[in-house]
Amino acid sequence: MSFTPPKVLVLTGGIGSGKSTFARAFEALGVPCIDADALARTVHQDPAHPATMQIARAFPHAMAPDGSLARGTLRSVFALDPAANETLKRILRPAVLALANDWTRRQPAPYVVWESALAMDQALPAARVLVVDTSDQNRSARIALRNPDWSGAQVASIIAMQLPRADYLARADDVVENDGTLDDVRALTLQLHHRYTDLWS
């Protein structure tokens with residue numbers, strides 16, 4: 001019997017929207033999930049990876065002595081320089097996409113979730129795009145809570161470098177509002193899971 005690769009549900013939204021909360025809720029239902037940010041870390045923390053070597057050539061001041069991307073530079077360097085941030089993403093995208101595709105092909109499930117804030121910046125093999133939405137005020141508060149040492153300017157800069165909410169919503173197949181409780185998230189995720197299971201099983 002031939003193996004059919006699972007469908008890809010791209011779970012996206014701006015930073016602070018609550019993507020990870022929904023990803024954990026999908027995981028609790030047995031859906032395989034992968035985090036593009038975590039994949040990117042496996043790349044830029046590997047000094048021998050070709051993409052990391054390319055980053056080192058472009059941004060030697062952002063590298064640690066061991067040849068990996070220095071911790072903290074994502075906010076101290078790239079969060080404050082839109083052009084540098086775009087270059088970094090352009091270098092990392094192919095490597096992250098290759099890792100995600102390889103992982104997906106090995107999952108015995110009707111569908112998998114790719115959690116990615118950058119999903120709208122690139123062509124991904126998505127069967128559907130699920131956008132987690134909330135107000136910019138909520139996003140700012142959540143980012144500041146997770147990063148108490150970040151300044152207001154750093155938080156605002158991170159948000160400003162991402163796509164506007166309207167762009168996410170315009171490209172979504174499904175939208176969930178993340179303005180409620182954790183129980184609300186779980187209930188919404190269960191509804192979506194039933195829908196996607198019916199669609200792709």
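# Reading contacts, burial and a cavity

User: How do I read contacts here, say for Arg139: which residues is Arg139 in contact with, leaving aside neighbours within four places in sequence?

Analyst: Contact means heavy atoms within 4.5 Å. Leaving aside neighbours within four places in sequence, Arg139 is in contact with Gly14, Ile15, Gly16, Ser17, Thr134, Ile159, Gln162 and Arg165. Before we go on: this is a predicted model, where local features need pLDDT of at least 70 and side-chain atom pairs count only at pLDDT 80 or more, while totals for chains, interfaces and linings use all residues. Residues are numbered from 1 along each chain as its sequence is written, and side-chain values use heavy atoms, with hydrogens and water left out.

User: Where does Arg139 lie, and is Arg139 buried or exposed?

Analyst: Arg139 lies in helix 6 (residues 136-146). Helices (H or I, at least four residues) and strands (E, at least two) are DSSP runs, numbered from the N terminus. For burial, buried is under 20% relative accessible area, exposed is over 50%, and partly exposed is in between (1.4 Å probe, protein chains only). Arg139 has 4% relative accessibility, so Arg139 counts as buried.

User: Ser17 was in that contact list. What does Ser17 touch, not counting residues up to four places away in sequence?

Analyst: Ser17 touches Val132, Thr134, Arg139, Arg142 and Asn178, with residues up to four places away in sequence not counted. You'll find Ser17 in the loop between strand 1 and helix 1. Ser17 is buried because its relative accessible area is 1%.

User: How many cavities of 30 Å³ or more does the structure hold?

Analyst: A cavity is a set of points, on a 1 Å grid over the protein atoms alone, where a 1.4 Å probe fits but cannot get out; lining residues have an atom within 4 Å of a point. Grid points are joined across faces, edges and corners, and the volume is the space filled by probe spheres set on the points. The structure holds one cavity of 30 Å³ or more, and the largest cavity has about 50 Å³ of space. Among its lining residues are Ser17, Arg139, Arg165, Val132 and Thr134. Strand 4 and helix 8 (165-170) are the elements that give two or more residues to that lining.

User: How do the lining residues of the largest cavity divide into nonpolar, polar and charged?

Analyst: Ala, Val, Leu, Ile, Met, Phe, Trp, Tyr, Cys and Pro count as nonpolar, Asp, Glu, Lys and Arg as charged, and the others, Gly among them, as polar. The lining has four nonpolar, four polar and three charged residues.

User: Which residues of helix 1 are buried?

Analyst: In helix 1 (residues 19-28), those are Lys19, Phe22, Ala23, Ala25 and Phe26. Down the axis of helix 1, they fall within an arc of 160 degrees, so they line one face of the helix. That arc is taken from the directions from the helix axis to the C-beta atoms. Arg24 and Ala28, on the other side of helix 1, are exposed. The buried residues pack against elements including strand 1 (7-12), strand 4 (128-133) and helix 9 (182-200).

User: And which residues of helix 2 are buried?

Analyst: Helix 2 (residues 36-44) buries Ala36, Leu39, Ala40, Val43 and His44. Those fall within an arc of 125 degrees seen down the axis of helix 2, so they line one face. Their packing partners include helix 3 (50-58) and helix 5.

User: What does the side chain of Gln107 reach?

Analyst: A polar contact is a pair of N or O atoms within 3.5 Å; within protein, one must be able to donate a hydrogen and the other to accept it, and residues adjacent in sequence count only if both atoms are side-chain atoms. The side chain of Gln107 reaches the backbone oxygen of Trp103 at 3.0 Å. Gln107 sits in the loop between helix 5 (82-105) and strand 3 (111-115).

Notes. 1 Å grid on protein atoms, 1.4 Å probe; cavity = no way out; pocket = protein on both sides within 12 Å on 5 of 7 lines; lining within 4 Å.
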